[in-house]
Amino acid sequence: PISAVVVLLGACGISLPLGAKALNIICVALSAMGLAVCLLRMAPPHLALVIGAIFCTHTVFLLPHAMVWSEPLFMTFLLAMGVGFGSPRRSIMRAAGLGMLAGGLCLTRYAGAAFAAAGCAILLSDGIPLRQRLVNAGAFAGTAGLCVGLWWMRSRGMPGAADARHFVLHPPGLWHLRTLGEAIFEWVAPTDLGPFGLRAISITAWIFLAVWLVRSAWRNRQVMKLSGATPRADVRFWLWGGTSYITLLVFVMLFMAALTPMDERLLLPVFLCVAMAITPLIVRRVGGPGGFVLFCMLLLLIAVNGIAAGRLALRANTEGLEYSKYRRTPPPVFALLDELPPGVRVLSNAPDLIYAITDRPAWEVPLRMNPFTELATPRNRMEEKLRVLRASALKGEVCLFAVPGFAWRRYQLPEGTVVEELGLKPALGSAAGRLYLPPSRPALTGDITR
């Protein structure tokens, strides 16, 4: 679905970066509006403004809106669902509308199924007659399933499709724990804060807030237990949805995609769910003893996040982010690719980066294992692939461009193995990349001193 938007933009003559900027601007505006509506239903205006500002100025929220990622559209659909579940109406039309949003959420990213399941459970547990609950849940599931089913029928059996993957157990490793730790640290102390002093202030404020809220949650639990009350539907949506989302991520990581990183990008919906779920606790605590101190801590977090957001914006405009950094000031070594004849096939460990910088298609080096299951590529298949590439290299039709910094793609054949198997010449290049040519190709003369 997100790729369909990109194709549509291309058909209209709009470049991918420009189209992504326009789409992200629309998404961030809609997300801010959805966040405001959700918070205003839970908190007085001044507190809703403060909590919303903490979230919207955080770099974990802002960075995806500066990239060509699926998160902006995902967050827009998610917050729209939150607005819908906060509505007092319980009609079948509302349920069908929520189902369409859930379908869009699932189509943007498969993990949206977690929030769709939570939404269906909330409709089934609504405080209305059983028949109406079943009708609403059926309308919700039917519209969501129709959206997903149509797309599934279109993509069934295609390479990389969900139904083309296999269930294989692969326990999490140290890499998963490291990415999770880095994500949590990025929440409480954004990298763009720079000096450790500012990070220490941010960490202290978050610890203070966490301790205060844990105490409030415990007291609130006792009160709700005595009164027999249950959280309102929108709060339950964020609590159940966040829990379901984390469960789905763990399941996918264990059985479907071994290289699923628990990073801040993937955990952004969890960040949102936590922010929405703790809002009623913050409202309760600000109105009680010591509430002024808590309110000052919230204002401190806005100031700290604002500094990090400003530095992120400055870095994006001066240096560029991710691949745009290379496109804005491409390393001279990439100019070597312009000297190659169009018929030469470029293999690389980073074909996406090469295409982003040079607009020249590149092909990924052979994979030594399946990136989803981590099962080794069958030996006969690997030998056949290398035999074909070796024959092309003897004709001078294949070269290798290796880019440092992609060691996390450990499912690819190592650079040295590819060079040895294809019989390529020693590298030309610099710290930004190395080009290996077949023996029949003459040396290139590009300036690669930087």
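Accessible areas here follow the Shrake-Rupley method with a 1.4 Å probe, and for residues only the protein chains shown count as cover. This is a predicted model: local features need pLDDT of at least 70, side-chain atom pairs count only at pLDDT 80 or more, and totals for chains, interfaces and linings use all residues. Residues are numbered from 1 along each chain as its sequence is written, and side-chain values use heavy atoms, leaving out hydrogens and water.

**View 1. The whole protein chain.** The chain exposes about 22,600 Å². Carbon and sulfur atoms supply 69% of that area. The secondary structure comes to 17 helices and five strands. These elements are DSSP runs numbered from the N terminus: helices are H or I, at least four residues, and strands are E, at least two. Of the 450 residues, 42% count as buried. Buried means under 20% relative accessible area, exposed over 50%, and partly exposed in between (1.4 Å probe, protein chains only). Contact means heavy atoms within 4.5 Å. Among contacts between residues at least 6 apart in sequence, 73% join residues at least 24 apart.

**View 2. The largest nonpolar core.** A nonpolar core is a set of buried Ala, Val, Leu, Ile, Met, Phe, Trp, Tyr and Cys residues joined through side-chain atoms within 4.5 Å. The largest one has 64 residues. F55, W238, Y245 and L272 have the most contacts inside it. Helix α12 (residues 268–286) supplies the largest share, ten residues. Leaving aside residues up to four places away in sequence, Y245 touches F74, R109, A111, A114, F115, L266, P269 and V270.

**View 3. The second core.** A separate core holds 18 residues. L336, V344, F401 and L435 are among them.

**View 4. The D352–R409 salt bridge.** A salt bridge is a side-chain nitrogen of Lys or Arg within 4 Å of a carboxyl oxygen of Asp or Glu. The whole structure has eleven. In the pair of D352 and R409, the closest N and O atoms are 2.8 Å apart. D352 sits in helix α15 (residues 351–358) and R409 in the loop between β3 (398–402) and α17 (415–422), so the pair ties together parts 57 residues apart in sequence. D352 is partly exposed, at 32% relative accessible area. R409 counts as buried, at 10%.

View 5. R387 pairs with E384, with 2.7 Å between the closest N and O atoms. Both residues lie in helix α16 (residues 379–394), three residues apart, about one turn of the helix. R387 is partly exposed at 46% relative accessible area. E384 is also partly exposed, at 39%.

**View 6. The E415–R434 salt bridge.** Here the closest N and O atoms of E415 and R434 are 2.6 Å apart. E415 belongs to helix α17 and R434 to strand β5 (residues 433–436), so the pair ties together parts 19 residues apart in sequence. E415 is partly exposed, with a relative accessible area of 26%. R434 is partly exposed, with a value of 26%.

**View 7. A salt-bridge network.** Salt bridges link E71, R109 and R265 in a network. R109 is also one of the residues that Y245 touches.

**View 8. A nonpolar surface patch.** L146, L150, W152 and M153 form this patch, with about 470 Å² of accessible area together. Patches are made of residues with over 30% relative accessible area and no salt bridge; like charges are joined within 9 Å, nonpolar side chains (Val, Leu, Ile, Met, Phe, Trp, Tyr) within 5 Å. L150 is found in helix α8 (residues 130–155). L150 counts as exposed, at 54% relative accessibility.
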